[in-house]
Every structure is written in C-alpha cells, then in structure tokens.
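Here's a quick walk through one structure, from the whole chain down to single side chains. Have the sequence and the 3D view open as you read.

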Amino acid sequence: MRRKIQKTWTWLLRLASAGIMLQTLFFKFTAAPESVYIFSSLGMEPWGRILVGVFELIASVLILVPRTTAYGALVGIGVMTGAIFMHLTRLGIEVQGDSGQLFIYAVLVMGSCLILAYWQRSSLSGIRMREH
C-alpha cells in the first residue's frame, strides 16, 4: 500500500512540476511582455529567456519519462534555484503586480523536484535499492 501511495504522489509531483514549467514556456518562447520585462530587468533578454525556456523544456520532458525523472528533477532544481535567487535578490517576490504568483510557482516546482530527486535517487547512481 505504501508503494502505491508513493507512486501516486510521484506522478502528481511529476505532472505538477512539468505542467508548471511547460505552461510558462509559451510566455518565454513567444516573447510575452511579462517575460521580456523579467529578463530585461536581469540583463538577460533575449538569450536568457530562450535558454531558461530550453532548460525548462528539457527538465519537463525528463521528469515525465519515469526512467529519467531524477535527471529532470536535477535540471529543474537548477533552473528553479536561479529563478528563486533572482526573485529574492533582483526582481522581488511580486513582479508587475502578479501577487507573487511566479515566485510561488518557482517554489512549488523546486519542492516537487527536490522530492522527486530524493525519491528517485537510486536511478542517479545506477544502483538499485532493495525494495521493502
């Protein structure tokens, strides 16, 4: 029963983290004004916006494939570390009156990716852990 619950949670975390990252790609890849504003504020427009979008796409695809979830989670942790750092140091929690929504999404994705990487850590080292 415990394994089934963890498997369900794993899929929920996969869908949540990948879903949030994939949803934001539209804004990054179409040069939506909000994305252009954010990356211009950071001095990273347009190359940073596109590069972050590519990494989010890679992370999302890897997260959704069960065999590569841990790798995708690590990429997601890297991207979200950067996003959270920029919010805390340069952008602020609230960006253009979004009530902190982008920051909250970054924290949710970071938390999901941390849990996924921990739960799937045996696939990172190539060592299969004995199941109980």
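## The chain as a whole

Of the 132 residues in the chain, 36% are buried (under 20% relative accessible area; exposed is over 50%, partly exposed lies in between, with a 1.4 Å probe and protein chains only). This is a predicted model, where local features need pLDDT of at least 70 and side-chain atom pairs count only at pLDDT 80 or more, while totals for chains, interfaces and linings use all residues. Residues are numbered from 1 along each chain as its sequence is written, and side-chain values use heavy atoms, with hydrogens and water left out.

As for secondary structure, you get six helices and zero strands. Helices here are DSSP runs of H or I with at least four residues, strands are E runs of at least two, and both are numbered from the N terminus. The C-alpha atoms fill a box of roughly 50 × 25 × 25 Å along the principal axes. Take the contacts (heavy atoms within 4.5 Å) between residues at least 6 apart in sequence: 66% of them join residues at least 24 apart.

Helix α3 covers residues 47-64, and its 18 residues reach 26 Å from first C-alpha to last, close to the 26 Å expected at 1.5 Å a residue. That expected span is 1.5 Å times one less than the number of residues.

Which residues of α3 are buried? They are Gly48, Arg49, Gly53, Glu56, Ala59, Ser60 and Ile63. Looking down the axis of α3, these buried residues fall within an arc of 130 degrees, so they line one face of the helix (the arc uses directions from the helix axis to the C-beta atoms). They pack against α1 (2-29), α2 (33-41), α4 (69-91) and α5 (101-119).

## Two salt bridges

The structure has two salt bridges, each a side-chain nitrogen of Lys or Arg within 4 Å of a carboxyl oxygen of Asp or Glu. In one, Lys28 pairs with Glu56, with the closest N and O atoms 3.1 Å apart. This pair ties together distant parts of the chain, as Lys28 sits in helix α1 and Glu56 in helix α3, 28 residues apart. Both Lys28 and Glu56 are buried.

Arg49 forms a salt bridge with Glu45, and here the closest N and O atoms are 2.8 Å apart. Arg49 counts as buried because its relative accessibility is 6%, whereas Glu45, at 24%, is partly exposed.

## The second largest pocket

This pocket has a volume of about 720 Å³. Of its 30 lining residues, Lys28, Ile38, Phe39, His87 and Leu102 are the closest to its centre. Each of α1, α2, α3, α4 and α5 supplies at least two lining residues, with the largest share, eight residues, coming from α4.

A pocket is an open set of points on a 1 Å grid over the protein atoms alone, where a 1.4 Å probe fits and protein lies on both sides within 12 Å along at least five of seven lines; lining residues have an atom within 4 Å of a point. Grid points are joined across faces, edges and corners, and the volume is the space filled by probe spheres set on them.

## Helix α5

The 19 residues of α5 reach 27 Å from first C-alpha to last, close to the 27 Å expected at 1.5 Å a residue. Its buried residues include Phe103, Val109, Met110 and Leu116. What covers the buried residues of α5 includes α1, α3, α4 and α6 (121-125).
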